[in-house]
Amino acid sequence: MKYCSKCETEVSDDTRYCPKCGEMIQTTGNQGNGYNNDGNKKLLIVLASVFAVVVVVCIAVVLIIVTRDNQNGSIDTASTIVANGSTASSYTTEESRYKSLKQRFNAAKLKAANNGVKVNKEKNAAKEALDQYEDAIDDNDASLMAQYGNEAEKYVSQLESATNKSKKTKKKPKSEYNIPESEKTNYIVDPSFRVDRFYFDNLVSLDRDRYGATVLAINEYYARKGCKFKTDSLQEYFEHQRWYENKGKSTTNVSLSSLEKHNIKMFQEDREWYKRNLSGATANASDFSCQEFLDIAEMVTH
């Protein structure tokens, strides 16, 4: 026998529709008694409960796995930090050290600029070491922080040492001649005057004296630049000039104005002219004593 699922009227096994309510009779064979629907409901409740338990268990398992992985990850990270020697404390220490070195670097650069000391080599080396040190700190690499930190310390110290060296000044060459100020004379040719040929013809009569005057005039332009002369008599003569300052310069390494070049050329041509007229006698600067130069100078300036 079967029952109508709607009104629960008992019907025969071959009945397809309920004679009371007209509901189609189920033929699945799931109805075994009048309590079939209640059994289905209870089964659904049991299945739902089992499903819920399974879901809860799965969630719990997932949480346990995630928590364990996080703990393992924290342990691995901590192990890595310990292995590299890069703790948060050491990182902060390296940052402070870098800032201190950077301040010393900037102070040394400023001091060098103010003192006019050239420290390009030391400055570039220190800057490169500081840049590498900063990169190591950004990467939090303990071994590199130690290496580049020590290098930065070294090169910044070298920069400070170079900066502290006072700018060397050239010592004025010591005069070999102790000449009283009262015996010193002035220029024999006005520095602003443009000369022509035979400048000294009307000032002295003898060609040898004229020759000596041109030697003095030519070298006077170099003496004004602080040149030192190889001929002893010339050097001693210029030591008598109150305007002369021996800076040890070479006559081949001075800058001359166009006026000075013109005047030197005129005096050189005169010198060669007088030399040819000295009746075959050899005429060189070394042939004149300092006193002879002083006497010639007195003739052309009075």
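Visitor: Which residues lie nearest the centre of the largest pocket?

Guide: Asn219, Lys228, Phe229, Lys230 and Thr251 do, out of 13 residues that line the largest pocket. Bear in mind that this is a predicted model.

Visitor: How much space lies in the largest pocket?

Guide: About 240 Å³.

Visitor: And what gives the most to the lining of the largest pocket?

Guide: That would be H5, with 3 residues. Sorted by class, the lining comes out as 5 nonpolar, 5 polar and 3 charged residues.

Visitor: Let's stay with H5. What makes H5 roughly antiparallel to H7?

Guide: The angle. Helix H5 (residues 207-223) and helix H7 (residues 258-276) cross at roughly 155°, and their axes come within 9 Å. Angles over 145 degrees count as roughly antiparallel, so H5 and H7 get that label.

Visitor: Which hand does the crossing of H5 and H7 have?

Guide: The crossing of H5 and H7 is left-handed. On the H5 side the contact is made by Asp207, Arg210, Tyr211, Thr214, Val215, Ala217, Ile218, Tyr221 and Tyr222. H7 brings Glu260, Asn263, Ile264, Phe267, Gln268, Asp270, Arg271, Tyr274 and Lys275.

Visitor: How do the residues of the contact of H5 with H7 divide?

Guide: Into 9 nonpolar, 3 polar and 6 charged.

Visitor: Now H6. Why is H5 called roughly perpendicular to H6?

Guide: H5 and helix H6 (residues 232-239) pack at about 65°, and their axes are 11 Å apart. The roughly perpendicular range runs from 65 to 115 degrees, so H5 counts as roughly perpendicular to H6.

Visitor: In what kind of crossing does H5 pass H6?

Guide: A right-handed one. Val215, Leu216, Asn219, Glu220 and Ala223 of H5 make the contact with Leu234, Tyr237 and Phe238 of H6. The class count for the contact of H5 with H6 is 6 nonpolar, 1 polar and 1 charged. Asn219 also turns up among the residues nearest the centre of the largest pocket.

Visitor: Which residues make the contact of H3 with H4?

Guide: From H3 they include Ala125, Ala126, Ala129, Leu130 and Tyr133. From H4 they include Leu144, Met145, Tyr148, Gly149 and Tyr155. The contact of H3 with H4 divides into 15 nonpolar, 3 polar and 3 charged residues, and H3 passes H4 in a left-handed crossing.

Methods: Residues numbered from 1 in each chain as written. Predicted model: local features only at pLDDT ≥ 70, side-chain atom pairs only at ≥ 80, totals over all residues. Heavy atoms only, no water. Axes fitted to C-alpha atoms, helices over the stretch in contact; angles between N-to-C directions. Helix = DSSP H or I, 4+ residues; strand = E, 2+ residues; numbered from the N terminus. Parallel < 35°, antiparallel > 145°, perpendicular 65-115°, else oblique. Left-handed = near helix turned anticlockwise from the far one by under 90°. Contact = heavy atoms within 4.5 Å. Nonpolar A, V, L, I, M, F, W, Y, C, P; charged D, E, K, R; others polar. 1 Å grid on protein atoms, 1.4 Å probe; cavity = no way out; pocket = protein on both sides within 12 Å on 5 of 7 lines; lining within 4 Å. Points joined across faces, edges and corners; volume = space filled by probe spheres on them.
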